[in-house]
Amino acid sequence: MNLVSKNKTISPFEPVSMPTVTGTSAIGIKTKNWCVLAADTAASYGSLAKHFTINRISSITSRTCLMWTGDMADAQATIDYLKTKVNKEKRASGIELSPDEIHSILATRLYNHRSSFSPIMCSFIVAGVDKGSAFLGYADHQGTRYEADSICTGFGNYLAQPLLRKYLDERSEYRVEEAVEKVEECMRVLFYRDARAINRIVRCVITEEGIFISDPYVLNSVWYA
């Protein structure tokens, strides 16, 4: 049923114009053949920390993951759209879409909604491994899109991105275990400094062998140091 306001009829299927229940920072890092992602499990209703068990990392295919920041309802609708698109393509051609193709579809949809004055109020990180090559891409509600070796959303752009770039610049060879430790360090910094973040996180590692999403776990934190 549509809601009738003073000025117009509002459909419950339209993207929101003002985010209501939101998730905060998400971070991702990639090297030549693997990706590591992390996000906390909180969703806030305005300034109220309302939900503590929201998994913001979703597998779209057997080799592609999507992570989001922003409005939870818009994110869920976008994930459903992408999965439907992927399944439709697989039934039609027998081919599973690659991470960069999914990123392109997502960015096009976001730009289309922005141009229609009904933006999807989220920022997304697309990550995956295809034919031995890792992919990490960003797309947001304005249709902005790019690829990079490290991507952060929300306050992570200011607090975690410098740490990830420093880690990548200081090494010529990378190990998954070290990257996981660095990502956990970044999530700990966000817990300390981002008012919407909590220390309960989900971590994802993507390699040629597949996608490995951890169960939620709590980071150790030290407040008296």
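I searched the whole structure for salt bridges, taken as a side-chain nitrogen of Lys or Arg within 4 Å of a carboxyl oxygen of Asp or Glu, and the search finds 11. I note that this is a predicted model, where local features need pLDDT of at least 70, side-chain atom pairs count only at pLDDT 80 or more, and totals for chains, interfaces and linings use all residues. Residues are numbered from 1 along each chain as its sequence is written, and side-chain values use heavy atoms, with hydrogens and water left out.

I looked up Arg63 next, and found it in a salt bridge with Glu96, the closest N and O atoms being 3.2 Å apart. Arg63 also meets Asp130 in a salt bridge, at 2.3 Å from N to O. Because Arg63 lies in the loop between S8 and S9 and Asp130 in strand S10 (residues 122-130), this pair ties together parts 67 residues apart in sequence; strands here are DSSP runs (E, at least two residues) and helices are runs of H or I (at least four), numbered from the N terminus.

I then checked cover, where buried means under 20% relative accessible area, exposed over 50% and partly exposed in between (1.4 Å probe, protein chains only). Arg63 is partly exposed at 21%, while Glu96 is buried at 17% and Asp130 is buried at 19%.

In helix H5 (residues 176-193) I found Lys182 and Glu185, which are 3 residues apart and so separated by about one helical turn; their side chains meet in a salt bridge at 3.0 Å, N to O. Lys182 is buried at 18%, and Glu185 is partly exposed at 30%.
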